[in-house]
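Colleague: I have a structure open and would like to go through it with you. Can you take my questions one at a time?

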There are 4 protein chains.
Amino acid sequence: SAASTGALMETRGLTVTFLKMDPYINVDPGTMNPFQHGEVFVLDDGAETDLDLGHYERFLDTNLTRLSNVTSGQIYDAVIQRERQGGYLGATVQVIPHVTNEIKARIAQIAEKYEDVDVVIVEIGGTVGDIESLPFLEAIRQMALEDEDHNTLFIHLTLVPYFEGSGELKTKPTQHSVKALREIGIDPDILICRSPQPLTREVKKKIGLFCNVPPEAVIQDLDVENIYELAIQFHLELLDNLLVHYLKL
Amino acid sequence: SAASTGALMETRGLTVTFLKMDPYINVDPGTMNPFQHGEVFVLDDGAETDLDLGHYERFLDTNLTRLSNVTSGQIYDAVIQRERQGGYLGATVQVIPHVTNEIKARIAQIAEKYEDVDVVIVEIGGTVGDIESLPFLEAIRQMALEDEDHNTLFIHLTLVPYFEGSGELKTKPTQHSVKALREIGIDPDILICRSPQPLTREVKKKIGLFCNVPPEAVIQDLDVENIYELAIQFHLELLDNLLVHYLKL
Amino acid sequence: SAASTGALMETRGLTVTFLKMDPYINVDPGTMNPFQHGEVFVLDDGAETDLDLGHYERFLDTNLTRLSNVTSGQIYDAVIQRERQGGYLGATVQVIPHVTNEIKARIAQIAEKYEDVDVVIVEIGGTVGDIESLPFLEAIRQMALEDEDHNTLFIHLTLVPYFEGSGELKTKPTQHSVKALREIGIDPDILICRSPQPLTREVKKKIGLFCNVPPEAVIQDLDVENIYELAIQFHLELLDNLLVHYLKL
Amino acid sequence: SAASTGALMETRGLTVTFLKMDPYINVDPGTMNPFQHGEVFVLDDGAETDLDLGHYERFLDTNLTRLSNVTSGQIYDAVIQRERQGGYLGATVQVIPHVTNEIKARIAQIAEKYEDVDVVIVEIGGTVGDIESLPFLEAIRQMALEDEDHNTLFIHLTLVPYFEGSGELKTKPTQHSVKALREIGIDPDILICRSPQPLTREVKKKIGLFCNVPPEAVIQDLDVENIYELAIQFHLELLDNLLVHYLKL
């Protein structure tokens with residue numbers, strides 16, 4: 001849905017680029033098993049990356065590079081190498097601030113390289129609550145706090161499962177996930193809720209009430225057959241208006 | 001206090017060795033700044049380690065080696081190298097199980113190398129709640145769960161500050177810290193509470209009630225002038241009886 | 001499933017009684033709307049109670065009374081009346097210890113009234129994490145801690161939903177629920193997992209690993225057509241052995 | 001400090017009134033033991049209330065009434081009485097929404113009675129994390145979410161203890177307390193930090209970074225000899241500017 005969100009912004013005349021941050025420890029996906037992880041996508045500059053980046057390029061008017069995909073393994077590897085070469089002057093090297101600073105530097109690098117672009121979408125893979133995504137989430141929390149122009153927006157992707165038995169959409173998993181994000185200091189502005197059934201007005205109100213967002217910021221992401229339909233669905237949910245409003249574009 | 005605990009066990013005729021696990025990302029303390037981190041201690045096999053290991057050797061009848069000190073940096077470095085050499089067969093490498101398995105392997109290695117020893121004391125540095133100690137805590141949680149003989153014991157070191165103003169010992173920091181440990185699945189069996197003032201019976205009962213341990217398992221660790229006094233203090237608090245009881249020795 | 005658990009214990013020759021604790025604030029279910037809450041069950045002593053108590057009586061060789069059903073409303077009402085009559089001697093009245101003591105007194109009362117009985121099953125309604133069940137959970141936590149004979153056992157009823165889409169049983173809701181219980185100081189000994197599909201050995205191991213219980217203590221509670229089948233299902237899962245073992249009966 | 005905050009707003013030409021919400025279960029403080037709870041203050045309309053209300057009246061140009069002090073006991077008593085009289089039409093009565101609605105109604109009542117007043121300061125007693133304050137916090141969370149004009153402001157009072165030993169101000173208790181508030185859905189806008197020592201710029205930045213507020217919103221509340229000095233101290237910390245800014249007055 002990051003790709004669809006980007007495509008949607010392009011329809012509003014905005015330019016967009018991507019940074020995919022993967023919390024796994026593999027240094028590059030070229031060595032990953034295609035059966036477990038899907039195929040590898042080769043970018044223009046020869047970097048082998050996650051297949052998701054292929055989706056982005058297909059969807060968007062942007063050329064992605066080696067810089068557009070960062071893994072936890074790359075980050076730790078860079079920090080460990082720098083430490084061994086004396087780059088930290090013998091300091092005790094810690095997740096906060098050393099690992100988080102490395103993550104922030106990668107995001108800043110993209111913003112600089114694509115400085116003409118209106119929006120950088122940073123997608124953080126994994127699940128809130130997993131240990132490996134914590135340094136990434138702490139890094140973006142700090143960036144938003146330090147961003148004095150308030151040009152940052154947090155979108156959180158959640159699940160709203162449907163129980164055949166009771167014929168109900170269950171909002172608890174979304175509530176748990178938002179609560180876990182809030183505990184680590186991030187308040188999502190928009191929730192994109194994957195669901196096998198349309199979210200009723202009632203369900204959106206309930207999610208909004210318990211997750212501290214207005215109901216209009218609860219966007220449904222129905223399981224669609226064709227991934228291209230998703231951008232249209234988001235448009236019908238007025239997601240583009242929300243994005244432009246929050247980012248003051 | 002890990003060293004004092006070990007010394008205390010030796011007075012009961014038990015043999016003991018140590019494993020110090022440091023959550024910082026430096027690969028070896030030989031490159032660390034002595035002004036920030038204290039001096040470096042050189043072990044018999046030439047490994048430069050944390051000064052704490054010097055304390056252990058002085059206190060205990062054990063010879064420590066390169067294996068006796070593990071840092072987060074070493075663990076991540078080993079996992080990243082193994083992944084790059086294809087050691088994980090292209091799998092997605094994650095904190096759980098890959099990093100935690102590496103930590104468990106280091107503990108098992110010590111247990112094997114010192115197989116004649118009655119007790120291995122594994123000290124995990126850092127503060128509960130910090131991101132960097134999470135993989136270590138998850139690893140020991142799993143080890144205890146998998147230990148079918150229930151020969152594992154968790155000791156948690158906490159603070160009980162004293163407020164001059166109100167003349168009170170504050171138990172909240174200890175409660176918070178134990179709650180944070182419990183959330184990640186570890187129930188401490190014994191609490192060693194650092195405090196500038198003796199813990200009254202009342203304070204021990206209160207800590208026990210809120211932290212789910214019997215009051216006898218709340219052990220005071222008064223700020224002592226001479227670090228050698230601490231083992232005696234622990235003995236007066238009957239810590240050795242508790243240890244022998246819990247470990248069925 | 002509390003009733004089935006009780007029936008199972010009776011087949012082992014044990015005698016059992018029940019205490020149902022409902023966190024809702026209604027003082028007695030006689031005034032509750034039957035369409036919303038199901039019918040009311042009238043006990044031998046004329047008390048109108050929750051229909052669940054009817055299930056218990058039908059299942060078990062026990063006569064339940066007015067004392068066998070307690071609501072949050074009754075507890076608060078009793079505490080407020082006592083305070084107004086000076087029963088707390090002007091003290092500041094708080095949830096801990098005043099409300100929790102009232103709850104503990106109700107449990108003790110049952111234990112006394114049915115002193116010949118081997119086991120008192122205390123069922124606490126509601127969902128872990130809701131505000132209204134917190135005083136009940138704190139009360140039973142304290143009782144278990146104060147029970148020097150370790151004759152207390154915590155059974156936690158959780159959900160393991162099945163997703164048609166992916167064809168998977170989801171263990172996250174169970175993990176969240178157990179984590180929430182642990183945060184408030186209760187470690188469940190046995191998990192009874194409601195599920196529309198049988199729990200495989202693999203799923204039980206995963207739940208056990210993340211919830212700190214042995215896999216044998218993960219008991220499946222398949223949606224059965226006939227509620228009487230549940231006791232048989234529990235027997236096949238060896239729940240009765242576990243109960244007798246934990247309670248040392 | 002609620003009284004000082006109010007006094008400060010009056011110096012800016014604003015009119016202010018108070019609502020003190022006490023989570024204890026006593027229905028009225030007239031029956032409370034003066035040795036444990038301090039003296040009772042009698043308001044103009046004859047209501048006996050908490051002594052804090054005396055402070056407010058002395059500080060502020062406002063006449064407080066019976067409505068200006070609400071306890072948990074009053075709230076539960078009202079809900080239980082209404083339920084028994086059929087006021088909920090037999091519905092299951094719960095903390096959310098029934099108790100929280102009662103709390104919201106009390107706040108709305110004050111806002112209506114003092115409709116000419118610019119600001120209503122609602123002070124919630126007790127400690128974040130205690131069970132008894134949860135319904136009050138949930139009620140104000142909902143009110144802020146429902147307030148479409150964003151005229152609500154959350155001020156959180158925390159402790160920053162000073163350790164004689166290390167000569168340091170400790171920010172952890174403040175971090176824990178803010179984290180606990182955030183978990184239940186409230187993001188404080190301003191932190192008033194009680195401390196025996198002045199907060200340095202460095203400490204304010206650290207608190208701000210970890211608690212998601214700008215450093216200017218971290219206000220020191222030094223232990224002052226004379227309670228009247230506090231309003232002056234707050235003014236020097238520019239608290240009045242912040243208040244006027246956040247409330248758009």
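Modeller: A term to begin with: a salt bridge here is a side-chain nitrogen of Lys or Arg within 4 Å of a carboxyl oxygen of Asp or Glu. Keep in mind too that this is a predicted model.

Colleague: Fine. How many salt bridges are there between chain A and chain B?

Modeller: The count is 2. In one of them A:R84 is joined to B:D77, with the closest N and O atoms 4.0 Å apart.

Colleague: Which elements of chain A give two or more residues to the side that touches chain B?

Modeller: They are helix 2 (34-37), helix 4, helix 5 (95-113) and helix 6 of chain A. Helix 4 gives the most, with 8 residues.

Colleague: What classes of residue are on that side of chain A?

Modeller: It has 16 nonpolar, 10 polar and 5 charged residues.

Colleague: How much area do chain A and chain B bury between them?

Modeller: About 2800 Å², with 57% of it on carbon and sulfur atoms. Of the area that chain A buries against chain B, 22% comes from A:I25, A:I80 and A:I131, more than from any other three residues. The contact takes 31 residues from chain A and 31 from chain B.

Colleague: Now the other contact. How many residues does it take from chain C and from chain A?

Modeller: It takes 7 residues from each of chain C and chain A. Chain C and chain A bury about 560 Å² between them, 68% of it on carbon and sulfur atoms.

Colleague: What is the salt bridge count there?

Modeller: Between chain C and chain A it is 0.

Colleague: Let's change topic. What is the strand order of the open sheet in chain A?

Modeller: The order is 4-1-5, with parallel pairing among the 3 strands. Strand 4 (69-71) and strand 5 (119-124) are the edge strands, each pairing on one side only. From one strand to the next, the twist averages 20 degrees.

Colleague: How many bridges join strand 1 to strand 4 in chain A?

Modeller: Strand 1 (residues 16-22) is joined to strand 4 by 3 bridges. Within that pairing, A:M21 stands opposite A:V70. Helix 4 (residues 72-84) of chain A packs on the sheet and touches strand 1 and strand 4; its direction makes about 70 degrees with that of strand 4. Helix 6 (residues 134-146) also packs on the sheet, touching strand 1, strand 4 and strand 5 of chain A.

Colleague: Over to chain B, then. Why is one side of strand 6 and of strand 10 left without a neighbour in the sheet?

Modeller: Strand 6 (155-159) and strand 10 (218-222) of chain B stand at the edges and each has a single partner strand, so one side of each has no neighbour in the sheet. The order in this open sheet is 6-9-10, and the pairing is parallel.

Colleague: Which residue is the bridge partner of B:L157 in strand 9?

Modeller: B:I192 is the partner of B:L157. Strand 6 and strand 9 (residues 190-195) of chain B are joined by 5 bridges.

Methods:
Residues numbered from 1 in each chain as written. Chains lettered and ligands numbered in written order. Predicted model: local features only at pLDDT ≥ 70, side-chain atom pairs only at ≥ 80, totals over all residues. Heavy atoms only, no water. Pairing = 2+ DSSP bridges. Helix = DSSP H or I, 4+ residues; strand = E, 2+ residues; numbered from the N terminus. Axes fitted to C-alpha atoms, helices over the stretch in contact; angles between N-to-C directions. Contact = heavy atoms within 4.5 Å. Buried area = accessible area lost by both parts, 1.4 Å probe. Nonpolar A, V, L, I, M, F, W, Y, C, P; charged D, E, K, R; others polar.
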